[in-house]
Amino acid sequence: MRNVNKLQAHEILHPRPEGLYCPLGDFFIDPVRQVDRALITHGHADHARPGHRSVMATGETLDIMRIRYGDGFAASTQIASYGVSTNLNGVSVTFLPAGHVLGSAQILIEANGMRIVASGDYKCRPDPTCATFEPVICDVFITEATFGLPVFIHPDDRLEIGKLIDSMDEFPDRTHLLGAYSLGKAQRVIRLIRDAGYDEPIFIHGAFENLCAYYQSQGIDLGPLLPATVEPGEVDFSGKLVLGSPSAFSGAWSRRFADPLICYASGWMRIRQRARQQGVELPMIISDHADWRELTETIRQTGASQIWVTHGREEALVRWCDLNGISARPLNIVGYEDESE
Amino acid sequence: MRRFAELLDRLTLTPARNGKLQLLETYFRETSDPDRGYTLAAITGNLELPGVKPAAIRGLILERMDPELFAYSYDFVGDLAETVSLAWPDHDANEQVGPTLGEVVSLLQSASRADGPALLGRILDRLEPSGRYAALKLVTGGLRIGVSSRLAKQALARMGGVPIGEIEEIWHGLAPPYADLFAWLTGQTGKPENLFAAPFRPVMLANPLNDGDMGKLDPKEFLAEWKWDGIRVQLSSSNGIRRLYSRSGDDISNTFPDIIDAADFEGTIDGELLVGTPPDRVGTFSDLQQRLNRKKVSSKMLSDYPVFIRCYDLLFAGGEDCRSSALSERRRRLYDVISSLPADRFDLSETVAIDEWQALDHARNNPPQPVIEGLMLKRLDSTYVAGRPKGPWFKWKRDPHVVDAVLLYAQRGHGKRSGFYSDYTFGVWSGDSEPLSLVPVGKAYFGFSDEELRQIDKFVRENTVERFGPVRAVRAGPEAGLVLEVAFEGINRSTRHKSGVAMRFPRISRLRWDKQPHEADHLNNLLALLPDKTTR
């Protein structure tokens with residue numbers, strides 16, 4: 001473990017109301033307000049907001065922002081390729097895979113002989129729809145803590161997909177209505193369902209169409225997809241699998257389905273009461289975030305002597321670091337959500 | 001253990017009765033003995049395990065994790081068993097399968113009180129999170145999965161293709177893990193013989209009398225009696241063994257020692273359990289509720305709320321099965337049996353003269369006591385048949401009370417109704433002077449047509465003023481809001497509701513788009529319906 005002068009690290013990167021700021025390079029990472037220069041880790045709406053003057057991100061993240069916000073989402077853009085370092089006013093920045101969603105990246109910042117990694121959101125297990133996370137040796141590791149409690153251990157995703165397949169066998173007449181976040185989770189779940197051998201058409205809510213089409217254009221085969229946003233009565237959905245964002249389930253859209261069986265793919269489904277409150281009959285614990293074990297293992301693997309925790313269950317992760325003799329503190333950045341996982 | 005744990009998880013999250021039945025049936029079909037038998041025992045409350053206290057469970061987890069991390073976890077999850085099951089250090093990687101439910105049950109049953117917690121810890125080590133949760137729920141008692149014993153028996157009936165009455169009839173002679181029952185249901189052996197003393201016999205139920213039925217029926221062929229608002233029971237006594245059953249076959253003898261002590265006869269009686277002293281003093285249903293679901297009964301309870309059985313029918317006289325004889329004959333013999341029993345515990349249900357339907361209709365709506373729900377009409381020649389056969393017995397309830405109330409809150413439904421706001425909380429006006437305020441008096445989620453559901457749903461979405469999770473508060477004031485006509489069977493006092501009253505069996509009978517909320521009823525109109533407490 002390399003010992004770091006805390007003040008030194010703070011000079012290179014520190015939180016401001018807009019987000020994490022690097023004064024030497026004059027840029028923000030995942031700013032929650034509009035800024036001059038933003039480095040963006042991935043395309044989820046709370047990290048990638050429109051209206052910055054210049055945006056640097058992976059090509060996929062830039063594409064996703066364009067799909068979501070239109071061409072004018074930033075005045076200028078710069079593509080960052082994985083593993084290629086760029087010099088910004090004497091600060092070296094390198095984007096490395098974060099394994100969260102297509103195009104997601106950790107950002108390695110090197111200055112004054114110090115290495116700081118802002119990991120954005122990440123998960124460690126393989127995901128067929130994006131590049132796999134690589135732990136990066138560093139002095140300061142900035143981590144999320146969405147699932148930063150010992151109760152959050154995500155099971156093997158194939159087991160969770162198996163539950164869905166079994167349920168479709170047991171309730172062959174009901175429409176299985178599967179809720180999943182529209183960027184990343186939806187495509188990953190579809191791919192996993194295909195890997196489990198289900199090759200019938202999957203119906204998707206209109207809000208998923210563009211992003212699914214984009215994933216397919218990037219060589220990720222999602223199999224046959226059909227629109228679920230049709231006039232009521234046009235399609236008989238009994239026995240079919242329909243994907244939509246969970247927020248659409250409470251609206252009028254969900255009424256066209258005969259006796260729907262509500263499924264939800266999310267790390268929160270580990271907690272029964274969460275599933276129950278949301279009226280979920282079949283919870284599937286599938287998360288795009290690191291679970292407790294992955295968070296703590298990653299912290300060790302980076303060799304960092306200082307851990308900064310951005311959002312989620314900061315206090316528990318900081319406590320774990322304390323117990324393990326690693327210096328840690330919460331950054332208390334306001335504006336990142338974890339409910340929509 | 002994995003299949004059992006998975007079943008519990010699915011049942012917890014499946015709101016629809018049919019869905020639960022399907023899950024249970026599949027489970028019983030696909031799981032082998034003795035696991036399915038222990039599952040059945042756990043669901044029906046017949047699994048005897050030494051209990052482990054929550055404090056001991058907390059002690060187990062704190063031996064294994066940092067107290068502060070546990071506190072954060074418990075705070076987030078909110079349920080002790082669930083927190084422990086999730087935060088428990090993971091199971092031994094060498095053990096791929098884990099213990100079966102049968103193994104877990106026999107291990108726990110062999111434990112002494114002192115080494116129970118340590119043994120539980122070793123069991124949890126060998127299980128996965130869902131299995132750990134299931135094991136913890138077993139030892140803390142109370143699965144809380146929303147499945148009644150009757151529903152479990154219904155799933156068994158479907159599995160074996162037999163009438164549920166046959167299962168109920170032999171049920172009390174069976175014991176976990178019910179290998180003989182499953183052998184019969186899967187066609188390997190014959191039906192287990194019922195050697196149980198004073199067994200439960202499936203009860204006979206009535207169909208509602210519909211408007212058109214009367215003209216087709218001849219009053220001379222029927223007996224009419226009051227329909228009392230207590231609980232239907234069956235009292236069985238044989239060779240010194242006495243048991244009291246609810247109508248679904250649950251043994252409730254321990255709750256009613258006063259009845260058991262007085263049951264000095266041989267045979268099986270069908271009747272209504274009521275609070276009071278016969279023949280004239282009959283308490284309300286809420287009085288009876290004081291006595292229900294108690295494991296121990298204090299002597300004060302026994303003297304404040306004495307119970308008796310108003311007898312309807314006789315199923316067995318001594319060892320003789322009377323069910324195939326005519327009702328008129330059974331009533332005659334019932335009279336003989338009761339006359340030798342203590343008069344403060346047993347009386348014969350009075351018959352009501354049937355001269356013509358019209359007079360009876362009047363009697364139905366103007367019963368001599370408020371605890372009467374209406375009339376029963378039974379063919380004098382009817383035999384006693386399990387279930388709800390069409391034709392021999394009818395119930396003819398008094399017309400429900402109705403009240404105009406204002407919609408206050410709506411909650412989203414499940415299953416076929418997911419996506420619709422289908423559960424409604426409604427209120428009436430309260431206060432002595434202007435401005436009056438609306439107080440909630442009840443909740444209803446049926447009674448309306450699909451089209452009406454769509455209309456209410458639209459109203460809710462367009463008039464939401466606040467949201468609380470799945471619940472929406474809707475606009476409700478003197479000039480703006482939706483008036484619902486609510487039908488209900490009666491009113492009880494309630495300390496749980498702000499209004500001080502609770503409705504029995506409320507349902508939406510009409511949507512009053514034509515009325516303004518200020519025309520809705522006042523709480524006083526409901527209070528006027530409260531039964532007089534002095535009748536007890």
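Residues are numbered from 1 along each chain as its sequence is written, and chains are lettered from A in the order in which they are written. Because the model is predicted, local features need pLDDT of at least 70 and side-chain atom pairs count only at pLDDT 80 or more, whereas totals for chains, interfaces and linings use all residues.

**Exercise 1.** Determine how many helices and strands chain B has, and why chain B counts as compact.

*Solution.* Begin with the elements, which are DSSP runs numbered from the N terminus (helices are H or I of at least four residues, strands are E of at least two): chain B has 20 helices and 21 strands. Next, take the radius of gyration, computed over C-alpha atoms, and the globule rule, 2.2 Å times the number of residues to the power 0.38. For chain B the radius is 27 Å, close to the 24 Å that the rule gives for 536 residues, so chain B is as compact as a globular protein of that length. Finally, the C-alpha trace of chain B spans about 80 × 65 × 45 Å along its principal axes.

**Exercise 2.** Find which strands pair with β13(B) over six bridges.

*Solution.* Recall that two strands pair if DSSP finds at least two bridges between them. Strand β13 (residues 401-412) of chain B is antiparallel to β18 (residues 483-488) of chain B, with six bridges, and there Val403(B) stands opposite Val486(B). Six bridges also join β13(B) to the antiparallel strand β14 (residues 421-430) of chain B, where Leu407(B) has Phe426(B) as its bridge partner.

**Exercise 3.** Decide whether helix α3 of chain B is mostly covered or mostly uncovered.

*Solution.* A residue is buried if 20 or more other C-beta atoms, placed from the backbone, lie within 10 Å of its own, exposed if 12 or fewer, and partly exposed in between. In α3 (residues 35-44) of chain B, nine of the 10 residues are buried, and the helix is therefore mostly covered. Among these buried residues are Tyr38(B), Leu40(B) and Ile43(B). After the helix comes Gly45(B), which has a positive phi near 75°.

**Exercise 4.** State in what order the six strands of the open sheet in chain A lie.

*Solution.* The order is β14-β13-β15-β12-β16-β17 in chain A, with parallel pairing. The edge strands, each pairing on one side only, are β14 (225-227) and β17 (282-284) of chain A. Within this sheet, β12 (residues 176-179) and β15 (residues 241-244) of chain A are joined by four bridges, and Leu178(A) has Leu243(A) as its partner in β15(A).
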